Amino acid sequence: MDVQQGQGGGMQMIFILVIFALIFYFMIYRPQAKRTKEHRNLMASLAKGEEVLTSGGLIGKITKVSAENEYIVIALNDSTEVTIKRDFVVAVLPKGSLKSL
């Protein structure tokens with residue numbers, strides 16, 4: 001009888017591990033992969049003239065996009081331009097956002 005109880009306990013352990021794996025996949029891995037894919041698409045779609053928000057809190061208009069490297073130039077106002085890495089762009093803002101500030 002002890003052998004049968006041991007086998008049943010092993011099946012329960014495997015079942016619990018499968019449940020934890022499914023929870024990990026649906027609550028952690030899948031949403032993170034989706035965010036990563038959306039950010040990659042955002043980086044690929046950056047173009048001159050778009051207004052963007054950076055992770056550092058800067059808001060500006062893209063004046064130059066370099067195809068050969070990963071840097072863009074953002075105009076913060078008429079006289080100030082900043083060169084940043086594309087990865088630091090968090091969001092593309094609607095047109096006219098800078099004028100409304």
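Buried here means under 20% relative accessible area, exposed over 50%, and partly exposed anything in between, with a 1.4 Å probe and protein chains only as cover.

Some housekeeping before the tour. Residues are numbered from 1 along each chain as its sequence is written, and side-chain values use heavy atoms, with hydrogens and water left out. This is a predicted model, where local features need pLDDT of at least 70 and side-chain atom pairs count only at pLDDT 80 or more, while totals for chains, interfaces and linings use all residues.

**Overall picture**

The protein chain has 1 helix and 5 strands, and from the N terminus on they run α-β-β-β-β-β. Helices (H or I, at least four residues) and strands (E, at least two) are DSSP runs, numbered from the N terminus.

How does the radius of gyration of the protein chain compare with that of a compact globule of 101 residues? The chain comes out at 24 Å, whereas such a globule would be near 13 Å. That radius is taken over C-alpha atoms, and the globule rule is 2.2 Å times the number of residues to the power 0.38. The C-alpha trace spans about 85 × 30 × 20 Å along its principal axes.

Of the 101 residues, 18% count as buried. The accessible surface comes to about 7900 Å², and carbon and sulfur atoms hold 62% of that; the areas come from the Shrake-Rupley method with a 1.4 Å probe. Contact means heavy atoms within 4.5 Å. Among contacts with a separation of 6 or more, 40% come from residues 24 or more positions apart.

As for charge, there are 12 positive and 9 negative ones, and their mean positions are 5 Å apart. Lys and Arg count as positive and Asp and Glu as negative, with His and the chain ends not counted. Each charge is placed at NZ of Lys, CZ of Arg, CG of Asp or CD of Glu.

**The helix and its end**

UniProt, in an unreviewed entry, places a "transmembrane region" at residues 12–29; such annotations may be inferred rather than shown by experiment. In the model that stretch is 100% helix and 0% strand, with its end C-alpha atoms 24 Å apart.

Helix α1 covers residues 2–44 and includes Met43. Is Met43 buried or exposed? Met43 counts as buried because its relative accessibility is 9%. Leaving aside neighbours within four places in sequence, Met43 is in contact with Arg86, Asp87 and Val89. Ala44 is also found in helix α1, but Ala44 counts as exposed, at 66% relative accessibility.

**Two lysines**

Lys48 lies in the loop between α1 and β1 (51–54). Setting aside residues up to four places away in sequence, Lys48 touches Ile62, Thr63 and Val65.

Lys64 is found in strand β2, residues 59–65. Lys64 is exposed because its relative accessible area is 52%. Which residues does Lys64 touch, not counting those up to four places away in sequence? They are Ile72 and Val73.

**Sequence gaps and spatial gaps**

Here are some C-alpha separations for the residues just described.

| Pair | Apart in sequence | C-alpha to C-alpha |
|---|---|---|
| Met43 and Phe88 | 45 residues | 9.4 Å |
| Ala44 and Ala67 | 23 residues | 10 Å |
| Lys48 and Leu101 | 53 residues | 20 Å |
| Lys64 and Thr80 | 16 residues | 13 Å |
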